[in-house]
Amino acid sequence: MILARKDKFIEGSRADLTEQVGRLAGGRWTAPGDLCAIAIKGVDGSRYLLASFHGDTNGLATIPVLKALNEAFTKSYPDHIVIFGLDANTHKQNSVNCQGIADFQQKFSEMGFASCWGPSPGVHTWTTRNARTYLQPQLQKAVGISDAARKGEVNLKDWIIFYGNQMQAVDSARDNTGNREFAESMVFPTLKFPSDHAIVSCMLERNENHHHSLRTALG
């Protein structure tokens, strides 16, 4: 789902590009509902290509979909400003079966993209921190609260991507409370914060006009 503010974008100017980007990715990398891509006009007169993606558990679909978005921009929408929010499902370590953070950073940088996490995102800028309790049937996967940080899933999975020659990110933030705050030691989801991914947000400023900015959030 993509939500666009009416005071920033022109209502009724949207064109759905989801199928086009999905085809460029080869079709097999996305299931219905995983990807959303639109072209839309801004009230500032600019044209935007906005996209959202939920990757597979191991993050193997992330690079093919990002390449497809880059190809759509290059071949069909070179006059558009690209903003891409995604659950990339990136992990600390890269392997043939798992998309790593550093490898993802390298590959999207080679395409000219930058991210809300800056040029060198660390594994400590995590957006998931969860562990299975003993109140579920797969007890072999259960983790005690004292071991949640060491044995639980703590990864940087959520990103806001854009072309570095178009925009820059300022004031990036994580929220795992719903109150625009981030509790470093908290395992989530909780009863008050039902998502197992933190909300990620940042202010994006146009490189040629730093007075024009957009608040972007992924959650």
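Guide: Two strands are taken as paired if DSSP finds at least two bridges between them. Strands (E, at least two residues) and helices (H or I, at least four) are DSSP runs, numbered from the N terminus. This is a predicted model, in which local features need pLDDT of at least 70 and side-chain atom pairs count only at pLDDT 80 or more, while totals for chains, interfaces and linings use all residues. Residues are numbered from 1 along each chain as its sequence is written, and side-chain values use heavy atoms, with hydrogens and water left out.

Visitor: How many bridges join strand β1 to β2?

Guide: Strand β1 (residues 15-16) and β2 are joined by 2 bridges and run antiparallel. Within this pairing, Ala15 has Ala39 of β2 as its bridge partner.

Visitor: How many bridges join β2 to strand β3, and which residue of β3 stands opposite Lys41?

Guide: There are 7 bridges between β2 and β3 (residues 47-54), again in an antiparallel arrangement. Lys41 stands opposite Arg47. The hairpin of β2 and β3 has 5 residues between the strands, and Gly45 there takes a positive phi near 90 degrees.

Visitor: How many residues of β2 are buried?

Guide: A residue is buried under 20% relative accessible area, exposed over 50% and partly exposed in between, with a 1.4 Å probe and protein chains only. In a regular strand, side chains alternate between the two faces of the sheet. Strand β2 (residues 35-41) is mostly covered, with 5 of its 7 residues buried.

Visitor: Which residues of helix α3 are buried, and what covers the buried residues of α3?

Guide: In α3 (residues 101-110), the buried residues are Ile101, Asp103, Phe104, Gln105 and Phe108. Contact means heavy atoms within 4.5 Å. The cover over the buried residues of α3 includes α2 (62-76), β4 (80-87), β5 (113-115) and β8 (158-163). After α3 comes Gly112, with a positive phi near 95 degrees.

Visitor: How many disulfides does the structure hold?

Guide: A disulfide is a covalent bond between the sulfur atoms of two cysteines; the criterion here is a pair of cysteine sulfur atoms within 2.5 Å. The structure holds 0 disulfides. Cys98 is in no disulfide, and the nearest cysteine sulfur, that of Cys116, is 19 Å away. Cys98 counts as buried at 15% relative accessibility.

Visitor: How many aromatic pairs does the structure hold?

Guide: A pair of aromatic rings is described by the distance of the centres and the angle of the planes. Rings of Phe, Tyr and Trp (its six-membered ring) pair if their centres lie within 6.5 Å; planes under 30 degrees apart are stacked, over 60 edge-to-face, and the rest tilted. The structure holds 8 aromatic pairs. One of them is the tilted pair of Phe73 and Tyr163, at 4.5 Å centre to centre with 35 degrees between the planes. This pair links distant parts of the chain, with Phe73 in helix α2 and Tyr163 in strand β8, 90 residues apart. Phe73 is buried at 14% relative accessible area, and Tyr163 is buried at 5%. Ring pairs also link Phe73, Phe113 and Tyr163 into a cluster.

Visitor: Over which ring does the charged end of Arg174 sit, 3.9 Å from its centre?

Guide: A charge sits over a ring if NZ of Lys or CZ of Arg is within 6 Å of the ring centre and within 35 degrees of the ring normal. The ring in question is that of Phe182. Arg174 also lies over the face of Trp126, 5.6 Å from the ring centre.
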